[in-house]
Each structure stands twice: as C-alpha cells, then as structure tokens.
Amino acid sequence: MTQPEEQDPGPGRTTDESTGVADGGAEGVADAVSCASLSYAFGDTKAVDGLDLAVREGEVFGLLGPNGAGKTTAIRCVTTLLPVPAGKVRVFGHDAAKERMAVRRLLGYVPQQLSADQGLTGRENVALFARVFDVPRRERAARVAQALAADRLAGTYSGGMIRRLELAQALVSAPRLLILDEPTIGLDPIARTGVWEHINAVRAVTGMTVLVTTHYMDEADQYCDRVGLMHRGRIRALGTPAELRRGLAEHQGTDTLPTLEDVFRAIAGSGLDDTSGGGFRDVRSTRRTAHRVG
Ligand SMILES: Nc1ncnc2c1ncn2[C@@H]1O[C@H](COP(=O)(O)OP(=O)(O)OP(=O)(O)O)[C@@H](O)[C@H]1O
Ligand SMILES: [Mg+2]
C-alpha cells in the first residue's frame, strides 16, 4: 500500500484545504498523526468510538490495548484503507478522507494480518512465500519441504524472515511515518529484537515517526517514547511508559513501581473486551496470525 496508484500533487508539510481544526503541534508543525473524534462501526459494533490521538513527529508511539480495543480499525483509518465515517484524521496535516494519495505517500504500513490467504494450508502458504521470494519453480518443492521441517523444529524462523521482508517492503518508499500493527507477534526473542533494531537504525538516519501496536508490554516499555492505552474504542491512558507506571504507583499508594503490564491490567481489566461482542473472534484471529507468522 506504499505504492501510489493515483496521481496527486505530492506530499508536503501542510495542506491548502483547511478546516480550521487546530491539530498542529508546537510552532504550527502538524503532528505526524492526528485523530479527532474518530469513530468507526462494523454494524452495531463501535470498533472506534470517539478516538482522540496525536502522534508527534519523530516519536515512537505505542498504541496498546486488549483484543478488540479498536487499534487495527483506527490504524486502517489512518492508512486510508478504511474511510473516515466520523471525525477527522490527519497525517502530517493531510486529511485522510480528502487527500488519500498524499497520506499514502507519507507512510509505510506493516499490517497485522499477513498477506497470505487465510484459507490456505501451511504447505500452500509456504509455497506462496516461495513465489514471493522468487524461488525458481524447480526448487520450490524442495524449499517448501524444508520450510515445513523447519516449522516443526523451531516454528519461528520463517516467520521472522517474513516479517523482515514486510518491514523492508514498508520501508522501501522511505516513509516519514511507519505504521506497524503487531510487528513482532509470533517471533522469537532474537527476531523481535532484530525488528526493533532495524526500525531504530532507520530512525537514526531519517527521523521517521513510528506508530506501532503490540501486546508485548516489555517492548512498549523499552522502545516506545509514549504509549496510549486504548480500550473500547478510545484512549484511556496516555503518557511515557514511566509516567503511566508512576501514575499507577501513586494511585495504588505503593512503593514498588508497577510494570506497564500492571498498568494495562488496571485499565483493561481482564484483558478481553467481552462487551465488544468480538472478543472470541479476536483471540482466534490473533492466534491465526501468530500461527501463520510462526
Ligand atoms: N471486518 C470486521 N467485521 C466486523 N467486525 C469487525 C471487523 N474488524 C474488526 N471488527 C470488530 O471491531 C472491534 C475492534 O477490532 P480491532 O481489530 O480494531 O481491534 P484490535 O484492538 O486491533 O484487536 P487485536 O488486539 O485483537 O488485534 C472488535 O469488536 C472486532 O470484533
Ligand atoms: Mg489488531
């Protein structure tokens, strides 16, 4: 989706058409991402419900929250893959509803769901990846067999390769904003670190902004400048990981500093949003993703 298929005037810092909505940061510089009262519903399910969010230029922002919180839906509105039915979404000042190509040109996107067909078997998926990797036709059968054996032993190596490939694809257009939806799900600890080191190496050179979702609180704590904890379609807590942890400590009146996971549990309760009507589906879908990545 980093490949534009329409013509437009190209990216710029700000947009001529202005709604007068103040979404800029200091010195009038637009935030990398700005959502104001964003809502998105699937039928009766309010996936995103009045979301206000500002991602500052140059930061790594972690969008956290339980299954079904609305993270992926919100992200897909930011990427223009979903329309913006209510509220306002801007990327570096560009309106995601009105300037879709300008927005798309500014961002790279690694989606939560892999591009592989959900209806394919493991063997068929590996065969598909062999074509993606441009493995010569006559070598494919052997490679597929190898990959399946590798899956049985370790289960994660090809997943790491796939995630690295997707990351490279998302970065090929040198995006000012990289959006990653659970980039490290199903990866082994070494591959997880590798993904983050790769992202940080690019950031060191380009100053790229990163918007990332993860269920790994240790990763969010270590790599995110700020995190927003989303629950039932809205941000319920916002700050640096340290601020949120200190905030919970003060709230609880404890001396020991809670972890970011403690903060997550305090805000999201059991972690499964049963009232969304989609909790079970979400868990299954996440597991499918993890299985396919692994
Ligand atoms: N295509 C769809 N059709 C119907 N409902 C959907 C669809 N996609 C998401 N939903 C519902 O919208 C809500 C938000 O889902 P979303 O995928 O945005 O959550 P999430 O925070 O990304 O969760 P996860 O951590 O499991 O990825 C859930 O209740 C989900 O069941
Ligand atoms: Mg999601």
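1. Gly 194 is found in helix H6; helices here are DSSP runs of H or I with at least four residues, strands are runs of E with at least two, and both are numbered from the N terminus. Keep in mind that this is a predicted model, where local features need pLDDT of at least 70, side-chain atom pairs count only at pLDDT 80 or more, and totals for chains, interfaces and linings use all residues. As for labels, residues are numbered from 1 along each chain as its sequence is written, while chains are lettered from A and ligands numbered from 1 in the order in which they are written.

2. Is Gly 194 buried, exposed or partly exposed? Gly 194 counts as partly exposed because it has 17 C-beta neighbours inside 10 Å. The scheme calls a residue buried if 20 or more other C-beta atoms lie within 10 Å of its own, exposed if 12 or fewer, and partly exposed in between, with C-beta atoms placed from the backbone. Thr 184 is ten residues from Gly 194 in sequence, and their C-alpha atoms are 9.5 Å apart.

3. H6 itself covers residues 189-206, and its geometry checks out: 18 residues at 1.5 Å each should span 26 Å, which agrees with the 26 Å between its end C-alpha atoms. The expected span is 1.5 Å times one less than the number of residues. Just after H6 comes Gly 207, with a positive phi of about 70°.

4. Which residues of H6 are buried? They are Arg 192, Val 195 and Ile 199. Seen down the helix axis, these buried residues fall within an arc of 65°, so they line one face of H6; the arc is that of the directions from the helix axis to the C-beta atoms.

5. Four strands make an open sheet in the order E2-E1-E4-E5, with antiparallel pairing; two strands pair if DSSP finds at least two bridges between them. The edges are E2 (45-55) and E5 (94-95), each of which pairs on one side only. Helix H1 (residues 71-78) packs on this sheet and touches E1 (33-42), E2 and E4, and its direction makes about 120° with that of E1. Contact means C-beta atoms, placed from the backbone, within 7 Å.

6. Going through the pairs, E1 and E2 are antiparallel over eight bridges, with Tyr 40 opposite Val 48 in E2. They form a hairpin with two residues between them, and Gly 43 in the turn has a positive phi of about 60°. E1 and E4 run antiparallel with five bridges, and Ser 39 has Ala 86 in E4 as its bridge partner. E4 (residues 86-91) and E5 are joined by two bridges, with Val 91 opposite His 94.

7. Finally, helices H8 (residues 241-252) and H9 (residues 260-268) pack at an angle of about 65°, with their axes 9 Å apart. Axes are lines fitted to C-alpha atoms, for helices over the stretch in contact, and angles run from 0 to 180 degrees between N-to-C directions. Pro 241, Leu 244, Arg 245 and Leu 248 in H8 meet Leu 260, Asp 262, Val 263 and Ala 266 in H9.

Terms used
Two residues are in contact if their C-beta atoms, placed from the backbone, lie within 7 Å.
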